[in-house]
Amino acid sequence: MGLYPPNMHELPKVQLKRLRYVTNWLHQNNEFFHKKLDASGVSVSDIQSLEDIQKLPFTTKDEVRKLPDGALEWLPEQTVRKHSSSGTTGLATSTCFTDIDLKVMGILGARSLALCGCEKGMTLQVNYGYGFFTGGLIFDEAARTLGMKILPQGGAPIVESLRAMRRFKPEAWCCTPTYAKRTVAHLLKEDDKDISWKIGSHGAEVWTDETRKFIENSFGPDYNAYDVYGLAEKGGPFVAHECEAKGGSHVWTDMLFMEVLDDNNELVSEGEIGELVLTHLYIGGYSTIRYKTGDRVKYIAETGSPCTCFADGYPKMRALGRKIKDEFKIGGEFYIRADFENVAVKILKELQPLGEEIGEFRVELSIEKGTTHVEYCIESDNPEHETIVKDVIRAVSDSTIYRRFPIRIVPKGTYTPSLGKTPLLIDKRE
Ligand SMILES: [Zn+2]
């Protein structure tokens, strides 16, 4: 497997060959899939075209979580590292990697970084955590594969991260959008916008173009922010990455086959939203077939409008959040998480003159008397900030529906960011 992906003309042939290999291997060597495939009555001889993947059964997160931890290693004697998801939607999902996984991830990561302008010899500052969560270590693997130098900062305090940036002048940077926004706030307070970063790879949480504009405008015209999407169960951060054209992330479908399905498990059309379903096209420590990620994505095939990057022909997607939790109704009005994020970004911008007097901001959902209740929660040690925040919300909300929710001031430090991620929406309804 080379660094660059097969071209779009060779891709379907490569995918079919790999799909048949993986299906056959899992049936022959893995008890969980042996039973699953036998129960579905489908065998590898039924897979004659890529469309035939729809005959195969799904693998769900709940189904996998019911297995004991040890049963989640398909090749225990070859496992070299164990990781976990960040547990964004509840119980964290554990996963294990073999040398093959690490090699594949290194390559998909190197491609991803090259896609947004990173080159051999450049330096990448890594501000994802180096721990159980896959972010830091897999970005490290990617940068080494591309021949970049690494500045491993992990979830360091912002002041330390900035000090390292000014000392070593890395051209590229990776962290969550939340960490980037906190860095912007700190730079404004310092009144020193001198940064060496030109390229930012931001992901591990849902963010919008509004946030992209905010980060890019704050860091200046030379800075470009790109979306990266991944999940621990599929090798970590590099399932998909944006190229310099932005507007959606190319999915590396030569190694992870993508389906975007509606509620009836039918493929959605170009431009539509559905659940992302991924199939490993190689055998690693924990390869799965038709894994339902639970993530809602917009499918961007871009047929007829070729991309100028080397991933031309690889479909794009934009992550929109969790399937179930990000859509909800209150008093007959329909809300989605991204709407709250847009409002929150605007609020954050307006609150910046207050500097560090204001800490994290989030929206909390709970159940009161059987119906959903929303609260804006802001970290501050000054009770007078409630009035200021109320005015800001009134000023920035495009729609009056966001103004009707109460504001709660909580002491600073209440929301300690975990792994650099401060979830914007806290759902306490379960
Ligand atoms: Zn492209």
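Among contacts in the chain between residues at least 6 apart in sequence, 68% join residues at least 24 apart; two residues are in contact if their C-beta atoms, placed from the backbone, lie within 7 Å. The model is predicted: local features need pLDDT of at least 70, side-chain atom pairs count only at pLDDT 80 or more, and totals for chains, interfaces and linings use all residues. Residue numbers start from 1 along each chain as its sequence is written.

**Overall composition**

- The chain holds 10 helices and 20 strands, where helices (H or I, at least four residues) and strands (E, at least two) are DSSP runs numbered from the N terminus.
- Of the 430 residues in the chain, 41% are buried. A residue is buried if 20 or more other C-beta atoms lie within 10 Å of its own, exposed if 12 or fewer, and partly exposed in between, with C-beta atoms placed from the backbone.

**The largest nonpolar core**

- A nonpolar core is a set of buried Ala, Val, Leu, Ile, Met, Phe, Trp, Tyr and Cys residues joined through C-beta atoms within 7 Å.
- The largest such core has 93 residues, and Cys 118, Val 239 and Met 317 touch the most other members.
- Helix H4 (residues 99–115) supplies the largest share of this core, 9 residues.
- At least three residues of this core come from each of domain 1 (94–323) and domain 2 (328–427); the domain bounds come from an automatic or database domain assignment.

- Helix H7 (residues 177–190) has 14 residues and should span 20 Å at 1.5 Å a residue, which agrees with the 20 Å between its end C-alpha atoms. The expected span is 1.5 Å times one less than the number of residues in a helix.
- Buried residues of H7 include Pro 177, Tyr 179, Arg 182 and Val 184.
- Asp 191 follows H7 and has a positive phi, near 60°.
- In helix H8 (residues 209–219), the residues Thr 211, Arg 212, Phe 214, Ile 215 and Phe 219 are buried. Seen down the axis of H8, the buried residues fall within an arc of 165°, so they line one face of the helix; the arc is that of the directions from the helix axis to the C-beta atoms.
- Lys 213 and Asn 217 are exposed on the face of H8 turned away from its buried side.

- Strand E12 (residues 273–280) is largely enclosed by the rest of the structure, because 6 of its 8 residues are buried.
- Strand E11 (residues 256–261) runs antiparallel to E12, and 6 bridges join them; two strands pair if DSSP finds at least two bridges between them.
- Opposite Met 258 stands Leu 278 in E12.
- E12 also pairs with strand E13 (residues 291–300), in the antiparallel sense over 5 bridges, and Ile 273 stands opposite Lys 298 in E13.

- Asn 265 lies in the loop between E11 and E12, and its phi is positive, near 60°. With 14 C-beta neighbours inside 10 Å, Asn 265 counts as partly exposed.
- Arg 290 lies in the loop between E12 and E13, and its phi is positive, near 45°. Arg 290 is partly exposed, with 18 other C-beta atoms within 10 Å.
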